[in-house]
Amino acid sequence: MSNSRSALKTISQAIAAIGLFTIAGSAVARAGECPAGKMKADVRPTVDFKPVGVTDTTLGSIDLEKEPAKLKGRELRFRRLVIEPGGVVPWHSHDDRPALIYVAQGEVVEYASNCSEPIVHKTGEIRAERHGTAHWWKNLQDTTAVLFVGDVRHDRDDHHM
């Protein structure tokens, strides 16, 4: 009897933990998005900034054509971006390069082509970058920001951040 109560208690605790994790995870997923009513196509013009105070390091990559998915000419990349205070990640598009960005440290501001307001991304948040996303980022804080990026690159000569 005590074994079944112990097992039931363990299962109940696991379910509660999963529930809390799910609630916390859904809060993070909604953070750092364009505010309601501020989305509009091409609301922000393209800017010609150069990279400033940013280091882009590829940590690893996989040729997806050699994997079971057989995605010809595609590469899965995992990178670390370190953005110093005042640093700029220049304007770029994700029309042919979907990505997930995880803010591991600090805070950065995104200026997206389809959002009339700047979007603040804080530690612990993830930003999905899909077809239709064009933007630039800036670190307005006095501390270094560290981002981890997973993207699927088509053109190996595409060195946009």
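This is a predicted model: local features need pLDDT of at least 70, side-chain atom pairs count only at pLDDT 80 or more; totals for chains, interfaces and linings use all residues.
**Notebook: aromatic pairs**

I took F49 and W136 to begin with. They form an edge-to-face pair (planes over 60 degrees apart), at 4.6 Å centre to centre and 70° between the planes. I then checked where the two sit: F49 is in the loop between α1 (2-30) and β1 (52-63), W136 is in strand β7 (residues 134-138), and 87 residues separate them, so the pair links distant parts of the chain.

Next I noted accessibility. W136 is buried at 11% relative accessible area, whereas F49 is partly exposed at 38%. The cut-offs are under 20% for buried, over 50% for exposed and in between for partly exposed, with a 1.4 Å probe and protein chains only.

I went on to F78 and F148. This pair is stacked (planes under 30 degrees apart), with 5.9 Å centre to centre and 10° between the planes. F78 lies in strand β2 (residues 75-93) and F148 in strand β8 (residues 145-153), 70 residues apart, again linking distant parts of the chain. F78 is partly exposed at 40% relative accessibility, and F148 is partly exposed at 24%.

Last, I recorded that F49, Y111 and W136 form one aromatic cluster.

Conventions: residues are numbered from 1 along each chain as its sequence is written, and side-chain values use heavy atoms, without hydrogens and water. Local features need pLDDT of at least 70, side-chain atom pairs count only at pLDDT 80 or more, and totals for chains, interfaces and linings use all residues.

Methods: Rings of Phe, Tyr and Trp (its six-membered ring) pair if their centres lie within 6.5 Å; planes under 30 degrees apart count as stacked, over 60 as edge-to-face and the rest as tilted. Helices (H or I, at least four residues) and strands (E, at least two) are DSSP runs, numbered from the N terminus.
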